Amino acid sequence: GVTIAEVTAGGIASKAGLADGDKILKVGDKKVASQADLRAALTEGPLKNTVTFVRAGKEQTVPITFER
């Protein structure tokens, strides 16, 4: 997974409920193991998707809408 260093207030991640320190595991059904995986999922996947992440040891999935 990829750990979020900083979430911008009012940004896409913030609107989806993601926070600093969350570890992204998947975007949609694509596993995220590196920054490159995350970039590919963000640029090649559908605009409306889901993000699965871990916060405080608990896995969560939230809907997200990307902008391009």
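Where is the place of A56 in this structure? A56 sits in the loop between β4 and β5, in a predicted model where local features need pLDDT of at least 70, side-chain atom pairs count only at pLDDT 80 or more, and totals for chains, interfaces and linings use all residues. Residues are numbered from 1 along each chain as its sequence is written, and side-chain values use heavy atoms, with hydrogens and water left out. Element names follow DSSP runs, numbered from the N terminus, with helices being H or I runs of at least four residues and strands being E runs of at least two.

**Strand pairing**

- Two strands are taken to pair if DSSP finds at least two bridges between them, and by that rule β1 and β2 are joined antiparallel by two bridges, with V2 standing opposite I24 in β2.
- Strand β2 is also joined to strand β3 (residues 30-31) by two bridges in an antiparallel arrangement, in which V27 stands opposite K30.
- The hairpin formed by β2 and β3 has two residues between the strands, and G28 in its turn has a positive phi of about 65°.
- Four bridges connect β2 with strand β4 (residues 48-55), again antiparallel; here K26 stands opposite T52, and V27 has V51 as its bridge partner in β4.
- Strand β4 is joined in turn to strand β5 (residues 58-65) by eight bridges, and these two strands run antiparallel, with R55 opposite K58.

**The β4-β5 turn**

- Two residues lie between the strands in the hairpin of β4 and β5, where A56 takes a positive phi near 55°.
- Most residues other than glycine have a negative phi, and most peptide bonds are trans.
- A56 has its positive phi although it is not a glycine, and the residue is exposed, with a relative accessible area of 85%, on a scale where buried means under 20%, exposed over 50% and partly exposed in between (1.4 Å probe, protein chains only).

- K23 lies in strand β2 and is partly exposed, with a relative accessible area of 36%.
- Leaving aside neighbours within four places in sequence, K23 is in contact (heavy atoms within 4.5 Å) with G1, V2, T3, T52, F53 and V54.
- The C-alpha atoms of K23 and N49 are separated by 17 Å, the two residues being 26 residues apart along the chain.
- T52 is found in strand β4 and counts as buried at 5% relative accessibility.
- T52 and I24 are 28 residues apart in sequence, while their C-alpha atoms are 6.0 Å apart in space.
- Neighbours within four places in sequence aside, T52 is in contact with K23, I24, L25, K26, E59, Q60 and T61.

**The nonpolar core**

- In soluble globular proteins, nonpolar side chains tend to be buried together.
- A nonpolar core is here a set of buried Ala, Val, Leu, Ile, Met, Phe, Trp, Tyr and Cys residues joined through side-chain atoms within 4.5 Å; of the 15 residues in the largest one, L18, I24, V27, V32, L38, V51 and I64 touch the most other members.
- At least two residues of this core come from each of β2, α2, β4 and β5.
- I64, apart from its neighbours within four places in sequence, is in contact with I12, A16, L18, L47, K48, N49, T50 and V51.

**The largest pocket**

- The largest pocket has a volume of about 330 Å³. A pocket is an open set of points on a 1 Å grid over the protein atoms alone, where a 1.4 Å probe fits, with protein on both sides within 12 Å along at least five of seven lines, and lining residues have an atom within 4 Å of a point.
- The volume is the space filled by probe spheres set on the points.
- The largest pocket is lined by 21 residues, of which A13, I24, L38, L42 and F66 lie nearest its centre, and the elements giving two or more residues to this lining are β1 (2-3), α1 (12-16), β2 (23-27) and α2 (35-44).
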